[in-house]
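This report describes selected helix, chain and strand contacts of the model shown below.

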Amino acid sequence: MSSLNKQHKIYDVIVIGGGHNGLIAAGYLAKAGRTVLLLEKRKVVGGAAITEEFYSGFKFSSLAGGSGHLAPDVVADLNLSQYGFQILPTDPLILSLLPGGNHLTIWHDVNRTIQEISKFSQADAEAYPNFIQWMRKISRIVAEMNNIIPPDLPEVGLNNLKELYGFVNPVRGLGWKHIAQLVRILPMSISDLLDEWFQSDIVKGAIAASAIIYSSLGPQEINSTAYTFLHNWSISNTDLFRSSGQVKGGMGTLTQALAMAAKSLGADIRTNAKVIRINIQDEKAVGVTLANGDLISAKVVISATDARTTFLNLVDPYYLDPKFIRHVNNIKYQGTMARVHFALDTLSKFSGLNERTEQLLSGHIQIAPTVTYIQKAYDPIKYGSYSKQPYLDIQIPTLSDSSLAPEGNHTMSVTVKYMPYKLSEGHWDELRETIGQLVINTLSEYAPDFDRSIRHYKVITPLDMEQVYNLPEGNPSHGEMTMNQFMWMRPIPGYAQYSAPIDGLYLCSAATHPGGGVTGIGGRNASRQILKNLK
Amino acid sequence: MNSKAKRYDSIIIGGGHNGLTAAAYLAKEGRRVLVLEKRHIVGGAAVTEEIYPGFKYTVYSYVVSLLPPRIIQELQLPKHGLHIMPLEGAFTPMEDGNYIASYADEDDTLEEIRRHSKRDADIYPVFSNMMYDLARAVRPILTMIPPNPANPGLEGLRTLRAFGSHLKSLGKEKFYWLTKIMTMSAYDFLSEWFETDVLIATQAQIGIIGTFLGPKSPGTAYVLLHYYLGELDGASSNWGHQRGGTGGVSEAIASAARSFGAEIRCNAPVEQVIIKDGQAVGVALENGDEVYGKTIVSGCDPKVTFCKLVNEKLLPSDLVDAISKYKFRGSSGKVNLALDGLPDFPAMQDKALMRAMQEICPSVAYLERAYDDAKYGSFSKRPFMGCIIPSTVDPTLAPPGKHVMSIFVQYASYDMPTHGDRDQQRESFGNAVIDTLAEFAPNIKDLILHKQVITPWDIEQTVGITEGNISHGELMLDQLFFMRPIPGWAKYRTPIRNYYQCGSGTHPGGGITGTPGRMAVAEILKDGN
């Protein structure tokens, strides 16, 4: 094919943004025989799911970490294991550190966890298996809900009925009782939900912390945190409330595998290719304009960026109804986390951990001793300040994957909450040191020699997340996970079907149903919807 | 036949306004009705008492709103003494000496808002219209008998269908706003409309009343809407004073009930419901008397109804379990003052606002801090307050030249362990209220002749509402509609045949609305009782 022809090639589909959802949509559409071009503005694809070497020889999962809860059918459909994607298992799920050297461990094995819990409360140990059994059923319903294209409520057409049947059928066997409970639980706070089951503050703290990973809110807030708890469960790879495992080589390996899969299925991927405009003709998306002036045509454009970027930056507002723009402006982002990465000489000793230390530290390590502790970490952000006693979610990936650091050294990645994107005073660029030191000090209460093991650290603030990783307001879920931005309301009411008010334009990122986490469900659902419409 | 042996058609436990409303409707249908109230006066949380000689306090509640015109009309309440005098509006002093006010006349209100922001003044009428639209959209839902989602039955499915087509009829845009208002925080919701912080604060405070939530807590936008519902029907049902105090509302309903033939007995605390063969047949009073009736209706809160008045063992264990999870969380207290004269708010330019509600909610952050101060088991150091001086419009409440001030205060926890014993807690809480009020009305301390301080615990002790929550339980999504008080038992019935519930713990919830009482009667009649 001559280069001239190539310029005039009309793709079936252009995907804007090479985050995991964009890559997955590209992969699925290429697999269905469509010609696909994916455009990534950074020099590397992956979006928020990448591996970066912040310090020579030490590799980190910059934002998303752990195993990334990619939906199993996405892994299978795109043959990812063939492209180097592998999850290294970890157990325990959670090690919750307590002041004074005590700790609570939550294992994959429910019985083993019961024994752990019985150290704190016999009643809770007895409640735990029932809790797990009950919530497994309810989260299965949520998992099935993740897989459908949301109905356009309040109108439910025949088309939706078919889609809804796909959801109802698998969960029918669970009985109305569980569906009724889901309706009751969904708008609750995780704190209230756990109060219904458990007595020990420590047990409740350990579970609640996992619930608010994808929430901007505190564990006592309703209409949000029980929902994010169930969301986590519905996407987890453990059939528990938290995923476990590490992507071998860090999260970048996952998105690289996705890119290789998409390419091998025929998709073109171009990096350093910043889209500045979605071109519209006769009210229909017909392609994109790049920052270098290139015009590329396509029958369909999918934006894997968030809704605000898509509709306020890439689309000429002329084509949009003011009511629609108002809904876009009303999307709540409010990022509330920072990431701090440490390159460590050695693994510090944590107080109270004697045997099997390395195994105990291989999962999620939480500093979130009680629900009140987490809620108090949340309170300051309402006034535009950050927590002075933050909730930390820590991973030491080198314990399962020694390739990430020089021999004997370790990497540690910490998610820090709550850190509001909007500060009432000060600027994030001046607070990097402070946040780094805050994390070091907090950790030192549990590992007194920690600061001596640090060779280098890197702080990623909510502002960095926006400026470097293109996540507006530093929210990795492209919008808060709350009931008002749930399902048929996500990302914009009336357009929750991965669609837009402009023909031929679609969305597929975490901004769409079912939201946050490296699940790929948005990308997959969107490609299904597009193929249905392209027929 | 002596009165002890007299058999009633219905016995109502608790003479709060919902119990009285149920009694009135049942009596109106020709039923022989007996109301049993444990205190010396009817009214429950809506009573007026002369605690300090010459001064009449509206002890627990403060304003009248939400009473639907339909109930006023059907029970002919004006004939029985209902006389609501609308409030002049509201006055909110700010920390910088400025203020914001609202008036009965919308043009005056807009002018006042314009003083703060032209943009907000322009959008305010659009906002109010939308709120009334949404209130109208919700109102039919409030009177639908909630189905049981776990076992809807034919009737339930019909209701669900009616519910579905009602939502469709709203059109998409209104439906979206409804979804948002049902789930968001008052602050987030209002911020989509307004830019003036103090204006948002004056609206957001409506969303926190009676809940243990802050203006930034999701769920509070719905409570805001709940209160707009009370304002739907024109100026007459604006927030107002009842002549003679809020107790006058209860007395009007009681008088209506009596006029239809109901019997009301005070000082008659009920010990428990008498159950024979799984069926409620009467009640046993604390004094040992027994009274028999075909149906027993509890106007008490869900915990009292299910766990105190009947033996838990007679109930399904999942119901007992669900009731133990029911969230009460009393969050508000009351301070009633006898004053030697009118307080002076330096920020108040227009003295007519003395007849308005004086709201201490100078900013959103102020309200949020009040919540944060209290939520871990304390009271707000600087609380949110809604003050009214009903004696400015109703001279019967205080001696000439003197006044009563009725202060609704939020937040106070039911348990405040860090403040000593219950007496010390009450004392410190009362001091915080007066000290804060003095920041905005400096002469208040010199005027106080008598002070009555009521904590949530006090409300529980006197009125009998669990944890002192005036709404008989939090108005949260998981405790609303078909889940109020608990899923499966939202239709005013109980697992015990002929035993019904009609308090604010049932759909549609708190406020002096009488609606739970009225709707419970519809169900009782449907059962042929």
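Angles under 35 degrees count as roughly parallel, over 145 as roughly antiparallel, 65 to 115 as roughly perpendicular and the rest as oblique. The model is predicted: local features need pLDDT of at least 70, side-chain atom pairs count only at pLDDT 80 or more, and totals for chains, interfaces and linings use all residues. Residues are numbered from 1 along each chain as its sequence is written, and chains are lettered from A in the order in which they are written.

Helix 1 (residues 17–28) of chain B and helix 10 (residues 247–259) of chain B have axes that come within 8 Å and cross at roughly 20 degrees; the two helices are therefore roughly parallel to each other. Their crossing is left-handed. Among the residues making the contact are B:Leu20 and B:Ala24 of helix 1 and B:Ile253 and B:Ala257 of helix 10, where contact requires C-beta atoms, placed from the backbone, within 7 Å.

Between the chains, 29 residues of chain A are in contact with 31 residues of chain B. Helix 7 (residues 176–185) of chain A supplies the largest share of the chain A side, 5 residues.

| Contact surface | Nonpolar | Polar | Charged |
|---|---|---|---|
| Helix 1 with helix 10, chain B | 9 residues | 3 residues | no residues |

In chain A, strand 10 (residues 275–281) and strand 11 (residues 284–290) pair in the antiparallel sense over 6 bridges (pairing requires at least two DSSP bridges). A:Gln281 has A:Lys284 of strand 11 as its bridge partner. The two strands form a hairpin with 2 residues between them, and A:Asp282 in the turn has a positive phi of about 50 degrees.

Notes:
Axes are lines fitted to C-alpha atoms, for helices over the stretch in contact, and angles run from 0 to 180 degrees between N-to-C directions. Helices (H or I, at least four residues) and strands (E, at least two) are DSSP runs, numbered from the N terminus. A crossing is left-handed if the near helix is turned anticlockwise from the far one by less than a right angle, and right-handed if clockwise. Two residues are in contact if their C-beta atoms, placed from the backbone, lie within 7 Å. Ala, Val, Leu, Ile, Met, Phe, Trp, Tyr, Cys and Pro count as nonpolar, Asp, Glu, Lys and Arg as charged, and the others, Gly among them, as polar.
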